[in-house]
Amino acid sequence: MQAQLATTSNATRSRLNLQATDTLAQRRKFTNNLMTGLIGGSAVLGVSILAIILGYIVVKGAPALNLDFFTKNPPALGEAGGGVAPAIRGSLLIVALASLVGIPVGLGAGIYLAEFGRGRFANIVRFIADLMTGLPSIAIGAVAWALLVKRGFGNYNALAGSVALAIIMIPIITRTTEEILQLVPNNLREASLALGTSQWKTIMSVVLPVARGGILTGIILSVARVSGETAPLLLTVLGNSFASNDLTGPMAALPLEIYQYATKSPFADSFTKAWGASLILILIIGLLSLSVRLTAYLGGPKGRR
Amino acid sequence: MINGPFSGEANGLNGAGATFPQVLYSKWFDEYAKVTNVKVNYQGTGSGAGKNAIRDQTVDFAGSDSPMSDAELEAAKAKCGETIQHIPTTLGAIVVAYNLPNVSQKLKLDGDVIAKIFMEQVKKWNDPAIAALNPGVTLPNEEIITVHRSDSSGTTDNFTSYLNLVSPAWAAGPKSGSTVQWPGGIGANGNPGVASEVKNNPYAIGYVELAFAKQNSLAYADVKNKEGQFVTASAASVTAAGQAFAPTAPADLRFKLVNAPGAQSYPITAITWILVCPKQTDQAKAVALTRMLWWATHSGQQFNEALDYAPLPPAIVVRAEGFINAITVNGQKAFPGK
Amino acid sequence: MCYLLAAAGDLAQTQILIRESGCSVAVQAAKHRRVSSAARVTLNDGRGGAWGDRTFQAVTFTFAAIILLLIVTIFVVLFVDARVALAKEGLRFVTGQVWNPTEGVFGALPYIYGTIFTSLIGLVIATPIAVGAALFIVEYAPAWLRAPVSFVVELLAVIPSVIYGFWGIAVLAPFLRDRLERPLKAALGDVPGLNQLVQGPARGRDMLVAGVILAIMILPTIMSVAREVISTVPGTQREGMLALGATKWEMIRGAVLPYARAGIVGAAILGLGRAIGETMAVTMLIGNSSTKISWSLLTPGYTMASAIANQFADANNSLHFSAIIGVAVILLFVTGAVNLVARLIVSRFGGDTRATGI
């Protein structure tokens, strides 16, 4: 059967008068074309969905973006105008603080696992870090509330939100850092050590600089990821209609603002404000994600993004 | 008269809780910041969350239209040290808002039908029970989408208390409370959430505070009151209901106004409170808090009617003043006086 | 960054070498201490090496240990808080169908059911599309198209959940309600058996809509891992089938898919894991109501995550709060278990578990 099919070509077929094979060939061709269509269609569908979602955000969000939107506080409930300034500031503060805690810990742990981690302890940490990357963020928010809102400060506060976000960041940065560092060729380390450089200096001055592109990628992606997290903030920071720098008190945040305007504001311009806030958030995340492309210029191994 | 900043008061307060008065509070605190430079941040998390927050003292004050029960007050004493005070701020109406695209007349409903709708015994808009109350209105042959609260809510508490009183079937079934076992329908978060869902879904019906229905151009039904009159919800009909109950208000002002007597009274009326711990520990915050409360119960009341809330009856205001004066910080009276 | 190993030489000679090569110079410290002291200081600080190393290792070890501390803290806090409710209800916590805080009865089965139902809907919808897109990228796309298409689909993973939820409320739900649910009701309403799937009015807040948004959200995860797995199929397999005259699709079906099947299953399970833990988008679209367990796609319901989001701040008494935390504990276990299984399968069958978005 296979041998017969192998010799198929139109001229051959007609010469050999293979009627039965002809129908079969047609059916196979039809199936092939159908599946090609479906497969191509899947890719088109995937791309289109993204285009549709981003399209809506840009088209509907752009009209909301005026200077007031970026600089003013929200108005009284139901009134038009005002802006999301407290939310923008709040998000920046909360994410910055989370990064301040999460990046060093994640980096340090990743370095440990890559450079020193060969025993059972390291394997356990690796396993746990992997698992933690899949933890539902609401559970982490609940823990942060229990420790820092109910006990801790005794009131809703931005710090608890930052800590929750940091907990989300740490395993991600740890794993990506470790994987990138493992891709740094060993002979670089060996050469440096052979020249008498101590191990820690080797890591800091030789290995890390080489790997910095990939590490930065991992860091930026995790920052982008937590910028959009809502659930932990919902439980811990309460929200604030005023701009605030006080990390020990409630604070606004962009994802919370979007959630509020999307579900708790039936008023005429509520959706517009939600689109606007979504656009701002997407722009922030988009800029972060795109800057990852720029880290390519920093050279070094990249791992898969 | 509180008409300017005060030295020694904190420049910010945090509150959370009921969404029922949120339209009013939001306006109040906007104005208050202009007058005194004190930024009062109030988040609508629902009465249940508000009561929990004041129990845990994770906020400076809470909003609730569901009174704290004796058990809840007991539990709150752990952190507060004394019984949480219920300081009334306004009265409002809970309306049954609906979204019927091709019906322009205002529907009339009574407690029995409303209960049946939310129990999903009346499933379609053109059900005979609804048609009987609305002769001459062409009702569509569509299934009713009911919307209720998914969060612990004072609005739910008052609404179901009303249904409990007027519908034996309801009293035997879901009963009343801040959360009940709804037979079905969509659960939305907060009064604004319910208004959102009703607005976005044709053939939906839900219970919301009047201001939310009005501000979103939602149609709402006239409800039959205790005297048999179909009353339209308004600041006036709420005031009438309030006046019927004010004389019998208990000392701690934890009472409900549903199914008020009086021909003009709107039957699904609620009072809402700001909950505070009378034993404050932070001087600056206590001063700011008491001044804000005084302003709300006095100057703030001028904003109520325009937003379709009813002002507090004068007798209630007097009692509220007593509560505010009783708030102490470190043993001393907190309120610095007018 | 280059190294120039300079053997010996006097200072002047070495410095010329440094300048010409543009590299940092490392010199055999032991033998040539007197040479190029400047270069030596920057790199070659042999002094205090052992002490520095130990401190460095200790510091990074501490950071690694923090991870263990975190997971232990998370588990301890959640378990301690959940203890009361779990002890009271026992197995009924996961089998009981009634969740009534007022009466102190907590059966989380409706939440578990909602989680499974919506995640399965998402999985069933997303997997074929994801695998199709992955096949396109690996087998059909010209080289220049591969990276852009991958990139674009993986961008879906970067969009925050709350924005998916909002887009769902504003765009997807009304669309599905009017264009899919109503016609579906009309079509299946009278078909015995199938009409169980469409009980109840078309609300736009139900398992179906939540399932669809989940499908969109897990699509990039599944696609990314599937793409890895499919690209590890050896070329020899492919070429063999093509040489025998198979069409492209037959080659895929006969050589690629069987080889990649286990890995694709792993990818799907990974997607499932993500769907189960998803909170915001689902909370905004699932209706948060009705604890009736029903086959209907049009039932509003809860998932475990949405129940926690809704009731966390509301839990009035310690038993109710404990029950909510209990749901969080179950959620943690289920996501952990599913993710674990997925990673095991995928790593054993040649994929990379580090899909975007994780």
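Guide: Let us begin with a pair of valines in chain B, where Val223(B) stands opposite Val231(B), the latter in β11(B). This is a predicted model, in which local features need pLDDT of at least 70, side-chain atom pairs count only at pLDDT 80 or more, and totals for chains, interfaces and linings use all residues. Residues are numbered from 1 along each chain as its sequence is written, chains are lettered from A and ligands numbered from 1 in the order in which they are written, and side-chain values use heavy atoms, with hydrogens and water left out.

Strand β10 of chain B covers residues 222-224, and its pairing with β11(B) is antiparallel, over two bridges. Strands here are DSSP runs of E with at least two residues, helices are runs of H or I with at least four, and both are numbered from the N terminus; two strands count as paired if DSSP finds at least two bridges between them. The sheet to which these strands belong is open and has three strands, in the order β5-β10-β11 of chain B, with mixed pairing. Because β5 (108-109) and β11 (230-231) of chain B are edge strands, each with a single partner, one side of each has no neighbour in the sheet. In general, the strands of a sheet pair through backbone hydrogen bonds, either parallel or antiparallel.

From the sheet we can turn to the charged side chains of chain B. Lys285(B) and Asp60(B) meet in a salt bridge, with 3.2 Å from N to O, the term meaning a side-chain nitrogen of Lys or Arg within 4 Å of a carboxyl oxygen of Asp or Glu. This pair links distant parts of the chain, as Lys285(B) lies in helix α11 (residues 283-297) and Asp60(B) in the loop between α2 (47-56) and β3 (61-64), 225 residues apart. Lys285(B) is partly exposed at 24% relative accessibility, whereas Asp60(B) is buried at 16%; buried means under 20% relative accessible area, exposed over 50%, and partly exposed in between, with a 1.4 Å probe and protein chains only. A further salt bridge in chain B joins Arg254(B) to Asp252(B) at 2.8 Å, N to O; Arg254(B) has a relative accessible area of 22% and is partly exposed, and Asp252(B), at 30%, is partly exposed too.

Chain B also meets chain C, with 28 residues of chain B in contact (heavy atoms within 4.5 Å) with 26 residues of chain C. The size of an interface is often given as the accessible area lost when the parts come together. Between chain B and chain C the buried area is about 2000 Å², with carbon and sulfur atoms giving 33% of it; buried area is the accessible area (1.4 Å probe) that two parts lose on being put together, summed over both. Three salt bridges are counted between chain B and chain C, including that of Lys185(C) with Glu143(B) at 3.3 Å, N to O. In another salt bridge, Arg205(C) meets Glu197(B) at 2.8 Å, N to O. Here Arg205(C) sits in the loop between α7 (161-188) and α8 (207-231) of chain C, and Glu197(B) in helix α8 (residues 190-200) of chain B. Arg205(C) is buried at a relative accessible area of 4%, and Glu197(B) is buried at 9%.

Chain C itself has 13 helices and four strands, and buried residues make up 56% of its 358 residues. Among its contacts with a separation of 6 or more, 69% are between residues 24 or more positions apart.

Chain C has an interface with chain A as well, where 91 residues of chain A are in contact with 90 residues of chain C. The area buried there is about 7900 Å², of which carbon and sulfur atoms give 78%. Two salt bridges are counted between chain A and chain C, and Arg343(C) also meets Asp130(A) in a salt bridge at 3.5 Å, N to O. A network of salt bridges links Arg126(A), Asp130(A), Arg175(A), Glu178(A), Glu179(A) and Arg343(C). Over all chains, the structure holds 34 salt bridges.
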